[in-house]
Amino acid sequence: MSHLTESKKPLLTRVRKIKGQAEALERVLEGAPDCTAVLQQIAAIRGAVNGLMTEVLNSHIREHLGANNLSPEQRATEVDEILSILKSYLK
């Protein structure tokens, strides 16, 4: 996935943000958790993960499925792989 190495810095920034949000959630849960704060933190983490998934998926689809040099069999394999990942992600 050479296209990811080109955009590695923004992806790492997103991952670090998610890590910080997860650590904040852990601190909230270790203290006297307020349900609203916990739910807000979970929603923020989910939004950040969804943003990361969208960015990587967008890049992957453009780079792999949009490639002009793919045979129909290769394209079908790429589609199957992406659909499998999406099914597991959306469970």
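In which helix is Ile 42 found?

Reply: Ile 42 is found in helix α3. Keep in mind that this is a predicted model.

Helix α3 covers residues 35-65. It has 31 residues and reaches 43 Å from its first C-alpha to its last. That is close to the 45 Å expected at 1.5 Å a residue.

Next, burial. The buried residues of α3 are Val 38, Gln 41, Ile 45, Ala 48, Gly 51, Leu 52, Met 53 and His 60.

Now the partner on one side, helix α4, residues 72-89. The axes of α3 and α4 come within 11 Å and cross at roughly 170°. Angles over 145 degrees count as roughly antiparallel, and therefore α3 is roughly antiparallel to α4. From α3, the contact draws on Val 49, Asn 50, Met 53, Leu 57, His 60, Ile 61, His 64 and Leu 65. From α4 come Arg 75, Glu 78, Val 79, Ile 82, Ile 85, Leu 86 and Tyr 89. By class, the residues of this contact divide into ten nonpolar, three polar and two charged. Two α3 residues, Met 53 and His 60, belong to the contact and are also buried.

Then helix α2, residues 8-30. It has 23 residues and spans 33 Å from first C-alpha to last, close to the expected 33 Å. Its buried residues are Leu 11, Ile 18, Gln 21, Ala 24 and Leu 25. Val 15 also lies in α2. At 40% relative accessibility, Val 15 counts as partly exposed.

Leu 52 is among the buried residues of α3. Ile 42 and Val 15 are 27 residues apart in sequence and 15 Å apart in space, C-alpha to C-alpha.

Finally, the charged pair. Side chains of opposite charge can pair when their charged atoms come close. Here the side chains of Arg 14 and Glu 55 meet in a salt bridge, at 2.6 Å from N to O. The pair links distant parts of the chain, with Arg 14 in α2 and Glu 55 in α3, 41 residues apart. Arg 14 is partly exposed, with a relative accessible area of 33%. Glu 55 is partly exposed too, at 26%. The count for the model comes to one salt bridge.

Terms used. Residues are numbered from 1 along each chain as its sequence is written. This is a predicted model: local features need pLDDT of at least 70, side-chain atom pairs count only at pLDDT 80 or more; totals for chains, interfaces and linings use all residues. Side-chain values use heavy atoms; hydrogens and water are left out. A salt bridge is a side-chain nitrogen of Lys or Arg within 4 Å of a carboxyl oxygen of Asp or Glu. Helices (H or I, at least four residues) and strands (E, at least two) are DSSP runs, numbered from the N terminus. Buried means under 20% relative accessible area, exposed over 50%, partly exposed in between (1.4 Å probe, protein chains only). The expected span of a helix is 1.5 Å times one less than its number of residues. Axes are lines fitted to C-alpha atoms, for helices over the stretch in contact, and angles run from 0 to 180 degrees between N-to-C directions. Angles under 35 degrees count as roughly parallel, over 145 as roughly antiparallel, 65 to 115 as roughly perpendicular and the rest as oblique. Contact means heavy atoms within 4.5 Å. Ala, Val, Leu, Ile, Met, Phe, Trp, Tyr, Cys and Pro count as nonpolar, Asp, Glu, Lys and Arg as charged, and the others, Gly among them, as polar.
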